[in-house]
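These are my notebook entries on a predicted model. I set down what I looked up, element by element.

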Amino acid sequence: MKIFAFAGSNSSTSINKQLVKFVLRSFNDHEIDLIDLNDYTMPVFSVDLEKNGFPQEAHRFLEHIAESDVIICSLAENNRSYSVAFKNVFDWASRINVKVFQDKPMLLMTTSPGGYGGGNVMAEAQKFFPQFGAIIKETFSLPKFYENFDLNNGVINPEYSQVLDEKIASFKKQLA
Ligand SMILES: Cc1cc2nc3c(=O)[nH]c(=O)nc-3n(C[C@H](O)[C@H](O)[C@H](O)COP(=O)(O)O)c2cc1C
């Protein structure tokens, strides 16, 4: 099984990327394709620009998904929604193939330093990603990242750690 993984952030210290990396430890017997949105930087999407064609990064993003069996991602929340970095890739890719996520099973996560754990972007993605071909099998939000996560040990809050373990187990079971 090949896993396509990304954080919906272009921060070099992305907490969402840290969460994705931690979760990927539970999938180390599989092939992992963890991308960085900084490698998919494109001009801000515009209907005028798209008349000249699509950036190769948008095609490449879709190709990585096409070549994978499963998607694991964690979205950053900026001003209650997707980060600009993610939204730009999403918008460009959606103009090539509206089924951006190509009917792949997804483990959808969010985390933020605040107590809501990216709950707004989670709600948005949960509601709308299926319209873009995501088959969301499980979701997980981690609030107060800096209190509940440690770089070496991952999720250190026992309550959230148990929930995450259960979600990962359920996700794996649904893939079997
Ligand atoms: C412009 C901007 C807007 C933000 N808006 C939110 C927000 O609406 N909700 C939130 O929980 N954190 C917000 N944050 C704080 C964190 O950057 C954000 O939670 C993000 O998920 C951090 O994830 P990352 O390190 O993976 O980029 C904002 C930060 C910035 C720079």
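**Entry 1. Strand pairing**

I then looked up the pairing behind it: β3 and β6 run parallel and are joined by 5 bridges. On β1, I noted 6 bridges to β3, again in the parallel sense. There, Phe6 has Cys73 of β3 as its bridge partner. I also recorded that β1 pairs with β2 in parallel, over 4 bridges. Phe4 has its bridge partner in β2, namely Asp33.

I asked how many residues of β1 are buried. I found 7 of its 7 residues buried. I sorted them by direction: Lys2, Phe4, Phe6 and Gly8 point one way, Ile3, Ala5 and Ala7 point the other way, and all are buried. For β3 I noted that 6 of its 6 residues are buried. Here Val70, Ile72 and Ser74 point one way, while Ile71, Cys73 and Leu75 point the other way.

**Entry 2. Lys2**

I looked at a lysine next, Lys2 in strand β1. Is Lys2 buried or exposed? I found a relative accessibility of 17%, so Lys2 counts as buried, the cut-off being under 20%. I then listed the contacts of Lys2 beyond four places in sequence: Glu31, Asp33, Glu67, Ser68, Asp69 and Val70.

**Entry 3. Helix α2**

I turned to helix α2, which spans residues 56-66, and found Glu57, Ala58, Phe61, Leu62, His64 and Ile65 buried. These residues lie on the same side of α2, because they cover an arc of only 155 degrees around the axis. I recalled the general rule that an α-helix has 3.6 residues a turn, so residues three or four places apart point the same way. I then asked which elements the buried residues of α2 pack against. I recorded the strands β1 (2-8), β2 (31-34), β3 (70-75) and β6 (104-111), together with the helix α3 (84-96).

**Entry 4. Glu57**

Leaving aside neighbours within four places in sequence, I found Glu57 in contact with Asp39, Tyr40, Thr41 and Met42. For Glu57 and Asp39, which are 18 residues apart along the chain, I noted a C-alpha separation of 7.7 Å.

**Entry 5. Loop residues**

I located His30 in the loop between α1 (15-24) and β2. His30 counts as partly exposed, because its relative accessibility is 26%. Not counting residues up to four places away in sequence, I found that His30 touches Met1 and Ile3. I also looked up His30 against Asn153: the two are 123 residues apart in sequence, and their C-alpha atoms are 21 Å apart in space.

I then noted two residues with positive phi. Asn79, in the loop between β4 (77-78) and β5 (81-82), has a phi near 50 degrees although Asn79 is not a glycine. Is Asn79 buried or exposed? I found a relative accessibility of 76%, so Asn79 counts as exposed. Gln102 lies in the loop between α3 and β6. Its phi is also positive, at about 50 degrees, and Gln102 is not a glycine either.

**Entry 6. Pocket and cavity**

I looked up the largest pocket and recorded a volume of about 170 Å³. The pocket is lined by 13 residues, of which Met42, Val84, Ala85, Asn88 and Val89 are the closest to its centre. By class, I noted 8 nonpolar, 3 polar and 2 charged residues in the lining of the largest pocket.

I then asked how many cavities of 30 Å³ or more there are. The count is 1. For the largest cavity I recorded a volume of about 40 Å³. The residues lining the largest cavity are Ala7, Ser9, Asn10, Ser11, Ser14, Lys17, Ile35, Asp36, Leu37 and Asn38. I divided the lining of the largest cavity into 3 nonpolar, 5 polar and 2 charged residues.

Terms used:
Residues are numbered from 1 along each chain as its sequence is written. This is a predicted model: local features need pLDDT of at least 70, side-chain atom pairs count only at pLDDT 80 or more; totals for chains, interfaces and linings use all residues. Side-chain values use heavy atoms; hydrogens and water are left out. On a 1 Å grid over the protein atoms alone, a cavity is a set of points where a 1.4 Å probe fits but cannot get out, and a pocket is an open set with protein on both sides within 12 Å along at least five of seven lines; lining residues have an atom within 4 Å of a point. Grid points are joined across faces, edges and corners, and a volume is the space filled by probe spheres set on the points. Ala, Val, Leu, Ile, Met, Phe, Trp, Tyr, Cys and Pro count as nonpolar, Asp, Glu, Lys and Arg as charged, and the others, Gly among them, as polar. Buried means under 20% relative accessible area, exposed over 50%, partly exposed in between (1.4 Å probe, protein chains only). The arc is that of the directions from the helix axis to the C-beta atoms. Contact means heavy atoms within 4.5 Å. Two strands pair if DSSP finds at least two bridges between them.
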